[in-house]
Amino acid sequence: MPLPSMKDIEPTQLTLNSRFKFRCHKGVKCFTQCCSKIDILLTPYDILRMKNRLGITSEEFLEKYTYMHIDEKTSHPFALLKMSNDKEGKCPFVTADGCTIYTDRPLNCRYYPVGQAIHKKLEGKKTVDEEFYFFVREAHCLGYQSDREWSINEWKVNQGAELYDDMNREWKTILLRDGIPGQERLNDQKRAMFYMASYDLDRFKSYIFGGRFLDVFDIDRDEIEKIKTDEIALMKFGFKYLKYILMLEETLKVKKEYLKNNNQ
Ligand code: SF4
Ligand code: SF4
């Protein structure tokens, strides 16, 4: 599970058709060894699934199970899963029987031992986002000794990672903004907004419905109803909001009345 140490990452860039041999199961000697002392970067959809699995709010989840890491290069804040403080450094969800939240485990746990990344590349005169994959080979992982063969695409489907990728795709493209001319590092206020809209859905909902947000922005009635009742729509609205505040796209419109009253 990421963030693996650089020495464990194989340098070859792979595609969905690349093949490998691997099997992970309860009978393997290293069972659950990969669930300790590891940095697991969480995505917005991971948090939505895990907090609902545990029946707690996003705020409680973030407080109890994560810590924030600010990426030095981009200044983006990320939520990482907090391992236990003792010498074992275990994931809070691992037991001798395996992962207690298996059906809602994070995307990066699903992909392991495959790593996934996205970069910008030139296609003709256009810049497009391209996903690629790589293998993580940690010494303790015996899964590679199996003869069970997969393509990366087959692995992705088998591990239920497709839905997660679809849910997080827009967010991941926002993370690539540092490659766009004119994009700056986040100041404290924008970083807090970035974190809230990415990870803290319940607080983001209060921010929309409990303050002046709807007096400022012109949001369609149907969309308001949707984000009130559907968490996935709320999460995707968060991506839209991020694009707006980061000036990536004019995804929101300020109300004319608001502009008029505030320009007087
Ligand atoms: S969430 Fe589950 S699969 Fe991921 S590290 Fe924790 S116990 Fe392991
Ligand atoms: S085979 Fe690899 S992925 Fe499976 S439990 Fe062992 S270390 Fe973890």
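**Close-up 1. The residues around ligand 1 in the predicted model.** In this predicted model, ligand 1 is surrounded by 11 residues, of which the closest are C35, C91, V94, C99 and C109; a residue counts as near a molecule if its C-beta atom, placed from the backbone, lies within 6 Å of it. This shell divides into 10 nonpolar residues, no polar residue and one charged residue, where Ala, Val, Leu, Ile, Met, Phe, Trp, Tyr, Cys and Pro count as nonpolar, Asp, Glu, Lys and Arg as charged, and the others, Gly among them, as polar. Residues are numbered from 1 along each chain as its sequence is written, while chains are lettered from A and ligands numbered from 1 in the order in which they are written. Because the model is predicted, local features need pLDDT of at least 70 and side-chain atom pairs count only at pLDDT 80 or more, whereas totals for chains, interfaces and linings use all residues.

**Close-up 2. The residues around ligand 2.** The shell around ligand 2 includes C24, C30, C34 and C141, together with T32, Y112 and H140. By class, this shell has eight nonpolar and four polar residues, with no charged residue.

Close-up 3. T32, one of the residues around ligand 2, is placed in the loop between β1 (19–21) and α1, and its phi is near 70°, a positive value in a residue other than glycine. T32 is partly exposed, with 16 other C-beta atoms within 10 Å; a residue is buried if 20 or more other C-beta atoms, placed from the backbone, lie within 10 Å of its own, exposed if 12 or fewer, and partly exposed in between. Y112, also listed around ligand 2, is joined to P113 by a cis peptide bond with omega of about 15°, and P113 lies in the loop between α3 (107–111) and β6 (114–123). Most residues other than glycine have a negative phi, and most peptide bonds are trans.

**Close-up 4. The contact between domain 1 and domain 2.** The domain assignment, which is automatic or from a database, gives domain 1 (6–178) and domain 2 (184–263). The contact takes 17 residues from domain 1 and 20 residues from domain 2, two residues being in contact if their C-beta atoms, placed from the backbone, lie within 7 Å. On the side of domain 1 that touches domain 2, α1 (44–54), α2 (58–65), β3 (77–81) and α5 (161–175) each supply at least two residues; helices (H or I, at least four residues) and strands (E, at least two) are DSSP runs, numbered from the N terminus.
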